[in-house]
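Good morning, and thank you for joining. I would like to take you through one model, element by element, and I ask that you keep the sequence and the structure in view as I speak.

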Amino acid sequence: MRRVADGAAWRAESQGAAACFDVAGSDQATQVHRDVAPEPGDIIVTKRRISAFVGSDLEMVLRAGDIDHLVLTGIATSGVVLSTLRQAADLDFRLTVLSDGCLDSDPEVHRVLVEKVFPQQADVTTVADWMARWRGMPLGEPAATPSTVVLP
């Protein structure tokens, strides 16, 4: 599996979806954290719009790698996660949303999305439960972090 890095930063003063992201990469918010930094051979996809698919080659990269199941996390639940989930579902990807790996400025909106909206198109689970399944371990046991993940 390949790691996909988010290279977009929100600019609060901007108006319109096209102007919401600064992809120049000079803003500290666009930098990839060292704990998940790309390794030699990793493929990097730059996210340019609210949905991870719009304006990027994400779908092509995933299809070329025979990846058909995405695990979604992110900020904001009502923005990036929702937009990416809807488009990924339309593109026939299987989806998992890690409910406690998402955050929204409005906790009630987050709750409604993860409890009522997302389950219509995705498996919604917690990070711990997903990790246990990912590692093939019984639920409730500690699991190590995978070395690579796909992020929206």
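Let me begin with a convention: helices (H or I, at least four residues) and strands (E, at least two) are DSSP runs, numbered from the N terminus. What we have here is a predicted model, in which local features need pLDDT of at least 70 and side-chain atom pairs count only at pLDDT 80 or more, while totals for chains, interfaces and linings use all residues. Residues are numbered from 1 along each chain as its sequence is written, and side-chain values use heavy atoms, with hydrogens and water left out.

I turn to the sheet. Two strands are said to pair if DSSP finds at least two bridges between them. By that criterion, 3 strands form an open sheet with parallel pairing, in the order β1-β2-β3. The edge strands, each pairing on one side only, are β1 and β3. On average, and with direction ignored, neighbouring strands of this sheet are turned by 25° against each other; axes are lines fitted to C-alpha atoms, for helices over the stretch in contact, and angles run from 0 to 180 degrees between N-to-C directions.

How many bridges join β1 to β2? There are 6, and the two strands run parallel. Across this pair, Val71 has Thr96 of β2 as its bridge partner. On the β3 side, Thr96 stands opposite Asp123. The pairing of β2 with β3 is also in the parallel sense and has 3 bridges.

Helix α2, residues 77–90, packs on the sheet and touches β1 and β2, its direction making about 165° with that of β1. Contact here means heavy atoms within 4.5 Å.

A word on accessibility: buried means under 20% relative accessible area, exposed over 50%, and partly exposed in between, with a 1.4 Å probe and protein chains only. On this scale β1 is mostly covered, with 5 of its 7 residues buried.

Next, helix α3, which spans residues 107–117 and contains His110.

Which residues of α3 are buried? They are His110, Leu113, Val114 and Val117. Seen down the axis of α3, these buried residues fall within an arc of 120°, so they line one face of the helix; the arc is that of the directions from the helix axis to the C-beta atoms. Pro107 and Lys116, on the other side of α3, are exposed. The buried residues pack against α2, β2 and β3.

His110 counts as buried because its relative accessibility is 15%. Not counting residues up to four places away in sequence, His110 touches Thr77, Ser99, Cys102, Leu103 and Asp104.

That brings us to the interior. In soluble globular proteins, nonpolar side chains tend to be buried together. A nonpolar core is a set of buried Ala, Val, Leu, Ile, Met, Phe, Trp, Tyr and Cys residues joined through side-chain atoms within 4.5 Å. The largest one here has 22 residues, of which Leu70, Leu95, Val97 and Phe118 touch the most other members. At least two residues of this core come from each of α1 (58–64), β1, α2, β2 and α3. The most come from α2, which gives 4 residues. Leaving aside neighbours within four places in sequence, Phe118 is in contact with Thr77, Val81, Leu82, Leu85, Val97, Leu113 and Val124.

In helix α4, residues 127–134, the buried residues are Trp130, Met131 and Ala132. Their cover includes β1 (69–75), β2 (94–103) and β3 (123–125). Just after α4, Gly136 takes a positive phi of about 70°.

Finally, the loops. Between α1 and β1 lies Asp66, a residue other than glycine with a positive phi, near 55°. Asp66 counts as exposed because its relative accessibility is 70%. In the loop between α2 and β2 we find Asp92, whose phi is also positive, near 70°. Ala76 sits in the loop between β1 and α2, and the peptide bond from Ile75 to Ala76 is cis, with omega near 10°.
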